[in-house]
Amino acid sequence: MAYRSRLAYLLSSPACRLSAVKSAAVTGNVVPSCRREFSWWSSVQPAPRDPILGVTTAYLANTRPSKINVGVGAYRNDEGKPVVLECVREAEKRIGGRELMEYLPMGGSARFCELAVGLAYGEDTQVLKDKRVASIQALSGTGAVRLFAEFMKRFQPEAEAYLPLPTWSNHHNVFRDANVNQHTYRYYLASTRGLDFEGLKEDLKSAPNRSVILLHACAHNPTGVDPTPEQWKELSKLFKEKEHFPLFDMAYQGFASGDTQRDNQAIRIFLEDGHQLACAQSFAKSMGLYGQRIGCISIVCAEATEAATVKSQLEYIARPMYSSPPVHGSLLVTSILTDSDLKQLWFKEVKEMADRIIGMRVALRKNLEELGSKHSWEHITQQIGMFCY
Amino acid sequence: MLEKGENKEYLPIEGLAAFNKATAELLLGADNPVIKEGRIATVQGLSGTGSLRLAAAFIQRYLPGVKVLISSPTWGNHKNILNDAGVPWSEYRYFDPKTVGLDFDGMLADMKDAPNGSIILLHGCAHNPTGIDPTTEQWDIIADVIQEKEHIAFFDVAYQGFASGSLDEDANSVRRFAARGMELFVAQSYSKNLGLYAERIGATNVITTSPELALRIKSQLKRLARPMYSNPPVHGARIVANVVGDPALFDEWRAEMQLMAGRIKQVRQKLYDELVAKDKSGKDWSFILKQIGMFSFTGLSQSQSENMTNKWHVYMTKDGRISLAGLSSAKCGYLADAIIDSYYNVQ
């Protein structure tokens with residue numbers, strides 16, 4: 001069968017395309033000027049490979065036994081195999097074969113959100129007691145950041161986003177696709193392989209007041225360089241002066257130091273200082289629930305009514321994106337966090353993962369030094385979390 | 001799946017390969033030339049909504065300014081999806097309140113009136129909210145007009161198998177269009193037909209003219225998905241792949257779908273019988289039998305629908321839509337009473 005082409009005006013020649021699009025805009029009719037064996041889509045180019053996920057694809061295609069994948073941020077055991085946590089397997093058994101698969105509400109599981117936010121902010125925090133936190137279940141960290149980006153675009157369209165340099169590459173994609181203007185602020189100092197604190201402060205000072213500043217709560221991705229608690233306190237004051245909005249991306253709570261209530265220290269410092277902040281949380285790494293896409297976006301509001309309103313608007317953004325989030329991951333997290341035995345087991349397992357990584361850092365540094373390297377490899381053990389820069 | 005103890009690693013951006021293969025084959029038939037020739041780009045999506053949104057984002061990027069025509073009425077969220085994706089839309093006539101059926105002439109006229117190269121959003125089967133589907137002959141005429149006007153057909157397939165009880169029969173419209181060599185968008189959902197509502201499992205499909213194009217389109221779909229949610233949730237995809245990949249489970253599914261579609265047909269019949277028995281005016285209620293799928297557009301107005309709720313405690317949407325999937329045969333008599341009262345006694 002001969003395939004008749006459609007949309008000749010979107011042909012490969014940019015000139016064809018442009019003239020036809022203009023023509024279409026004027027007359028409302030397509031002028032099929034450059035007709036040939038054809039498709040609407042012939043101008044579609046292959047997208048660039050995702051710089052992170054493409055690495056795993058290439059790794060999988062390689063057949064050498066010596067291969068190592070240190071690309072994607074996904075935890076592996078010492079044999080290089082993915083790990084499903086015991087607490088998760090146990091939770092699976094408990095929820096397997098449950099009766100209902102009805103849609104979650106647009107905001108996802110309320111119980112899950114309550115637990116997630118308690119974990120992120122500290123269960124006793126005042127803003128929770130005052131019901132000032134708007135939160136909805138999100139599609140892991142990416143989805144949470146995207147919801148916030150869309151929300152700020154809609155309700156603070158003049159505000160611009162500042163991202164650390166460097167940051168997780170997908171952050172740039174998220175803000176770009178949400179049509180939010182973005183900038184970077186200095187973060188990593190190559191000469192020390194540490195934090196460029198002076199540069200960071202300068203850049204945040206020179207940013208317009210009331211900018212949205214993306215912060216990695218712990219275990220900065222990709223550098224592994226985190227501010228100290230004292231530096232966080234200083235930043236909190238700076239944010240107050242500049243009326244900046246802190247957006248915390250927390251993808252590694254528990255995974256960084258092994259202690260969930262130490263890894264959220266930055267958030268707690270900012271909360272104590274009274275900031276209205278937001279947190280995009282992911283359970284991908286800390287509970288090993290990567291493929292479940294389970295996370296949470298929470299926003300601290302001025303008071304309870306505002307929080308309810310904000311929540312409804314977040315839901316209103318989620319509805320035309322995916323209607324309601326997937327249930328499975330929320331059931332697993334809820335199961336784990338509401339059962340004291342499973343919760344303790346999780347704490348133990350997440351600490352083990354964090355310890356294994358810390359052990360790896362120590363071993364890698366030691367090996368490099370023993371090989372007689374003159375170079376300083378200190379940064380390997382000074383940096384924290386999955387990644388080493 | 002519990003016994004296999006599979007891991008919980010990230011899926012690739014395009015989702016679970018086994019699922020993508022299964023879903024395209026379910027839609028078109030495994031031996032369809034489109035599949036054999038690799039002319040389809042399939043990306044796992046967040047059920048129907050997510051799959052529609054991904055396609056809409058692609059349309060916004062590659063066909064900026066092109067309008068999508070949606071049926072009047074259509075599923076409410078279609079408008080939200082297109083709005084949030086920044087895609088302009090307008091409506092084509094669909095529901096004829098006089099016949100409580102399809103306004104076919106109006107539909108064709110509006111499609112002909114639209115600028116060439118527009119996009120027409122069609123419900124593959126079991127139109128939501130009306131339950132009114134074109135006949136096969138009408139589908140062919142619709143396809144003729146779409147080809148004449150150089151439009152692109154965009155199918156929302158949320159009820160495959162659920163409408164008639166047969167997966168193949170319900171895919172008839174899509175398959176006929178594909179057989180003509182037309183380029184298509186198809187958004188699929190497994191929420192209803194596999195009851196996987198909360199797992200959010202569906203797919204965005206783009207059918208095109210060459211395998212090379214299909215690959216390029218797929219890569220661009222991925223580029224849109226990555227900043228939305230990185231990669232899709234694994235659980236529902238594994239369930240679908242397992243069900244479709246295991247002949248025993250697949251047979252069980254087919255049987256269960258027949259049961260579900262069958263129950264709805266029975267309940268339609270019961271409601272119809274009750275209405276005819278109770279309504280002595282001779283009004284033609286047969287549209288209830290002619291409509292298909294979960295929903296029935298009763299023709300009740302907004303105030304009449306409100307009466308249903310306020311007086312009779314029957315909860316329905318204001319456009320007069322009732323979900324037969326929510327109706328048990330024991331309640332058909334009561335519902336008939338409510339409908340008759342609302343129809344005749346409320347303006």
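Tutor: Start with a term: a residue is buried under 20% relative accessible area, exposed over 50% and partly exposed in between, with a 1.4 Å probe and protein chains only. This is a predicted model: local features need pLDDT of at least 70, side-chain atom pairs count only at pLDDT 80 or more, and totals for chains, interfaces and linings use all residues. Residues are numbered from 1 along each chain as its sequence is written, chains are lettered from A and ligands numbered from 1 in the order in which they are written, and side-chain values use heavy atoms, with hydrogens and water left out.

Student: What percentage of the residues in chain B is buried?

Tutor: Buried residues are 64% of the 347 in chain B.

Student: And what is the radius of gyration of chain B?

Tutor: It is 21 Å for chain B, which agrees with the value near 20 Å that a compact globule of 347 residues would have. The radius is taken over C-alpha atoms, and the globule rule is 2.2 Å times the number of residues to the power 0.38. The C-alpha trace of chain B spans about 60 × 55 × 35 Å along its principal axes.

Student: How many helices and strands are in chain B?

Tutor: Chain B has 14 helices and 11 strands. These are DSSP runs numbered from the N terminus: helices are H or I with at least four residues, strands E with at least two.

Student: In what order do the strands of the open sheet in chain B come?

Tutor: The order is β1-β9-β8-β7-β6-β2-β3 in chain B, 7 strands with mixed pairing. Two strands pair if DSSP finds at least two bridges between them.

Student: Which strands stand at the edges?

Tutor: β1 (40-46) and β3 (89-93) of chain B. Each has a single partner strand, so one side of each is left without a neighbour in the sheet.

Student: How do β2 and β3 of chain B pair?

Tutor: In the parallel sense, over 5 bridges; β2(B) covers residues 68-72. Val68(B) stands opposite Trp89(B), and Leu69(B) has Ser90(B) as its bridge partner.

Student: Why is β2(B) largely enclosed?

Tutor: Because 4 of its 5 residues are buried, β2(B) is largely enclosed by the rest of the structure.

Student: Switch to chain A. What is the strand order of its open sheet?

Tutor: The order is β1-β9-β8-β7-β6-β2-β3 in chain A, again 7 strands with mixed pairing. The edge strands of chain A are β1 (133-138) and β3 (182-186).

Student: Which helix packs on the sheet there?

Tutor: One is α6 (residues 140-155) of chain A, which touches β1, β2, β6, β7, β8 and β9. Its direction makes about 155 degrees with that of β8(A). Axes are lines fitted to C-alpha atoms, for helices over the stretch in contact, and angles run from 0 to 180 degrees between N-to-C directions. Helix α11 (residues 265-272) of chain A lies across β6, β7, β8 and β9 of chain A.

Student: What does Phe148(A) contact, beyond its sequence neighbours within four places?

Tutor: Val212(A), Phe245(A), Leu247(A), Ala278(A), Ile297(A) and Ile299(A). Contact means heavy atoms within 4.5 Å.

Student: Which residues touch the most other members of the largest nonpolar core?

Tutor: Phe148(A), Phe175(A) and Phe154(B), in a core of 69 residues. Helix α3 (residues 47-62) of chain B gives the most to this core, with 8 residues. A nonpolar core is a set of buried Ala, Val, Leu, Ile, Met, Phe, Trp, Tyr and Cys residues joined through side-chain atoms within 4.5 Å.
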